[in-house]
Amino acid sequence: MSKNTGPILKAIRLTKKVSSPEGELTILDNVSLEVPRGQTLAVVGSSGAGKSTLLALLAGLDEPTTGEVWLGESELTALDEDGRAALRNRQVGFVFQSFHLLPALTALENVLLPLELAGEADARGKAIETLRQVGLEARMSHYPRQLSGGEKQRVAIARAYVGAPQLLFADEPTGNLDRRTGEKIIELLFRLNAGTGTTLMLVTHDTNIAQRCQRRVGIEGGRLVLDETSAAA
Amino acid sequence: MSPLQLAWSTLLRNLRGGQLGVLLGALIVAVAALTSVGFFTDRVAKAVDREANVILAADLRLRATQDPGSLYLEQARAQGLTTAQAVTFPSVVVSGDASQLAAIHAVTSNYPLRGELRIAERLFGAESTRRDGPPPGEAWADPELLARLGLDTGVDLDVGTTTLRVTGVLQYRPDQAIGFVGLAPDLLINIGDLAATGLVQPGSRITWSLLFAGPVQAIDKFAAGLKDQLKPGQRLQTIGDSGEQIRSAIERAQSFLSLAALIAVLLAATAVAVAARRYAQTQVDGVALMKCLGASQGYVLRATLWELLLLGLAAGVVGSLLGFFAQAGIAWFVIDLIDGGLPAPGISPLFSGVITALAVLTGFALPSMLALRTVPPLRVLRHDAAPRPVSTLVSYLTAVGVVVALLVWLVGAGRLLLISVVGLSLGAALLSGAGWLLVLGLRPLRNAGGAAFRYGLANIARRRGESVAQIVAFGFGLAVLLLLSVIRTDLLDTWRTNLPADAPNHFIINVQPSEVAGVRAVFERNGLTPPDLAPLVRARITAVNGVAAQDVSATGEGRQLLRREANLTWADRLDPSNTLTAGEFWDPGTSRLEVSVEDDAARDMGLQLGDQLEFGVAGQTFAATVTSTRQVRWDSFRPNFYLLLTEAALREAPATFISGVYIPDANRQVLLELVRAFPTVSVIDLQSVLAQVRGVMDRAALAVQFVFLFTLLAGIVVLLATIQATREERRYEAAMLRTLGASRGLVFKGVLAEFVGLGALAGILATLVAMLMAYLLATDVFQLDYRPATWLWIGGPLLGTLLVGIAGVLATSKVVSHPPVAVLRAH
Ligand SMILES: Nc1ncnc2c1ncn2[C@@H]1O[C@H](COP(=O)(O)OP(=O)(O)OP(=O)(O)O)[C@@H](O)[C@H]1O
Ligand SMILES: [Mg+2]
């Protein structure tokens, strides 16, 4: 299904070091990774392994100590913060464990946000359509505090997909939800993904969820320890 | 979404959600305090100015012992001034077989030009105010005159060869302090009836007064022109002549009100700083998300600035409205005390209200809010990724800059500014230092007491920075509250009681040199101490160190002295109301030509010891050396002078003599005897001048009490802000402790111990700071001897403990009762 262009995401020898009271700490060690367009990929590993750190670097939320990140044709690591933000706005969507909706805005306004930041035309129509796709058209004018955890996450998913990103990062999207709701959320994520052909990178502890992805990458102690692709894909 | 739209919806949402309540409240309090005081002081100052002129019933008055004719009046009208006339003389009035000596005032119907008459229909009847004199054929009589005659209104009085109907009781006329007051009760008649009385005869003792009113510049110009035309027996009276005491009182009142206003603003600004820091913290997650979704730093910056601007506009408008209503309320309160009510306020305070809000936001909220732009987007994944902390130096410098700007705006760049800045900095430094000491001093205490006590103290130590900030904020708020109480009670009382009971209540002026001994003799005959009479010489300063006077640059009083005719005196000794501040006072009987200059005047003219002043007196000029400067207590109500010379310098100059005397009510016949014996001598009743000064003080006190309300409000906002700043943290901790098995009571006691500890220390520090500032103010601004009252020592710390303790209890009762599960899950 993938187009005949290069990988959507490329990490070259990513290393992240931080200073701590005990001295310098290497929390990501020489990680290289290529993700083809349209792939669904699970990042697994124990707590503190460096999964979120890798995600942050790949999404340009943070800068690596050494190494490069390429998003399509653009080198993310060569851009400044504002440059990376602009790129994220156009190409990247996010879903977080703790939803991260703006409490000041309604569900609709939250979904509108990335479109409005991009100055997009007919933002409203797109946002309403996306909210309909996640089954929340009736809750559009509700504020986050009026929504349940699952509903919040569905708003977050709508917000992530509304800009038709090429790449979607999800950091433990079901971590704050009960099992049943979590399953529904994963269903939704995969369903939308199948419809749009977005590349999905998912951090999870849940092996079931990991098994649903085409590819699994394992991280331990900041190093890549596993990289397997399902035959089924 | 444009940054403006985002700012708008964020503000609305946070307003509804309560995150902005304290911040907006603090801003509104600051604006309301300042605008209400602005509105009010403006109105009071206008009223006081007007009242000062009211003593003359005009802006300028010419007093003449001969009929001055109509020349001056025509000149004045040609220059656009309004004029009125009054002719005053004593005469016996008759009704039936009763007769009584009265002071007849024949006035034009537009009298008075300034101030109002108060007229009753009959004795003890209801008063009404009038801005015009009696119509022809009618007379208004002093109640005392009617009482002595045994009459009431409605009767006919024979005045000279005419008969007038008494139609009103004259309760008050604005210029009753000057003239024959106290000698005979007044009878006010229309000047049109004057000729018919037949009392105006050559040789009769009559005073002609011409009254002028108009814009200040026009009056100044006219007065200057008039001065050169004056004939013997004609004298110009301006408020400057009789109003030095009043002006001094007004200046103090103004300093005082400005001080009260800026204290409220500073307090509120403290609350704004605390609340803004907390508000910025609540916005960090949102900003991180916005950045994660693609917002640039510039976008965040613009949205933040819009947010502040909108907030400032809202607070400016709402606060100004509040300030307007508040001052209207207080004006309604004091309206009865002020003759003619207060002039209407302008709308300019609305503008200055918005400026105030924006200034306070810039100085106290902008630094924390600007830091938002540095929030790392990584925060969406790692909660400890924080924005670059605000540089303490930068935020302090901005705050200090704005405070100084506000101070200059409010009190001008004078001595009060210096004192305020020094006092505030010293207080803040002292409080911060002591805050650190407390935290350090807690260590040995940590092993004492129960678990709650230890928990409370541990909290203070652990949140070291916040604790110090809290102590500084609490302490500052308290210090200001205390200081204002001290000013309002102790300082004002000291000031008021400082006017001694036997302060002179009459001025005797216009005594010829040949009459001095005779005047003293009148007092002696009546068993009173004969007064010392000071010589008064009218002169001009013609040059300073050889430079012509009009070319010497000078400000304020110095300008007046250099440009106009000045009153000089000579003496061998310093009056007790004078204190030498530099140089040496001459030996009695010296033959040298020397001058001692009043401090402010010397400063305004830029004079140094050793400078040469050249005087022109009656066509002669001579030079005198400045050998000393003096401080003068103008409100001693003794005759005082800016320029005091040696007798050798003025011996040849034409002089009249003046004196301030205290005459008990029982001995008022002395005055009658005096004026009979020396017809050209004038007596001024200081009692009514004094009453007006007291009125001004009372008004100032009232206004300050009103401002004090805002300061109190600001203090409460500071408390709320500081407590709110740590509320979430406390809620979480309390939940943790309770989950770990601590009882509700224990948690409660722990928080209480913490707040009581903080409050006690803040109270002690506040007391010290308040006393220091009160001392500085008392000695430097109010020039009083001041000893702090004992209530301050006990009340200060107690108030701190109580206030902070209660606030802590109120804020923590919710924290403790919150179900721990809910808290922990939400976190
Ligand atoms: N800025 C930083 N400073 C110090 N330590 C850091 C920093 N960023 C990450 N770490 C550490 O690096 C390690 C990896 O963190 P990371 O958040 O990537 O783990 P994770 O795999 O996402 O774990 P979890 O499954 O618990 O979310 C952790 O030990 C973390 O404490
Ligand atoms: Mg993680």
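This is a predicted model: local features need pLDDT of at least 70, side-chain atom pairs count only at pLDDT 80 or more; totals for chains, interfaces and linings use all residues.
Residues are numbered from 1 along each chain as its sequence is written, chains are lettered from A and ligands numbered from 1 in the order in which they are written, and side-chain values use heavy atoms, with hydrogens and water left out.

Where does Thr106(A) sit? Look in the loop between strand S6 (92-96) and helix H3 (107-117) of chain A. Helices (H or I, at least four residues) and strands (E, at least two) are DSSP runs, numbered from the N terminus. Now show Met140(A), Ser141(A), His142(A) and Tyr143(A): leaving aside neighbours within four places in sequence, these are what Thr106(A) is in contact with (heavy atoms within 4.5 Å).

**Next stop: ligand 1**

Select ligand 1, which lies between chains A and B. It is surrounded by 13 residues, and the closest are Ser47(A), Gly48(A), Lys51(A), Ser52(A) and Thr53(A); a residue is near if one of its heavy atoms lies within 4 Å. Helix H1 (residues 51-58) of chain A gives the most to this shell, with 3 residues.

- Thr53(A): an N or O atom in the side chain is 2.5 Å from an oxygen atom of ligand 1.
- Ser52(A): a polar side-chain atom lies 2.7 Å from an oxygen atom of ligand 1.
- Arg382(B): an N or O atom in the side chain is 3.2 Å from a nitrogen atom of ligand 1.

Taken alone, ligand 1 exposes 630 Å², and the protein buries 67% of that (Shrake-Rupley areas, 1.4 Å probe).

**Last stop: chain B**

Colour chain B by secondary structure and you'll have 25 helices and 22 strands to look at. Buried residues make up 54% of its 827 residues.

Which residues of helix H16 (residues 516-525) of chain B are buried? Pick out Val516(B), Val519(B), Val522(B) and Phe523(B). Look down the axis of H16(B): its buried residues fall within an arc of 125 degrees, so they line one face of the helix. That arc uses the directions from the helix axis to the C-beta atoms. On the other side of H16(B), Ala517(B), Glu524(B) and Arg525(B) are exposed. Finish at Gly527(B), which follows H16(B) and has a positive phi, near 75 degrees.

Conventions: Buried means under 20% relative accessible area, exposed over 50%, partly exposed in between (1.4 Å probe, protein chains only). A polar contact is a pair of N or O atoms within 3.5 Å; within protein, one must be able to donate a hydrogen and the other to accept it, and residues adjacent in sequence count only if both atoms are side-chain atoms.
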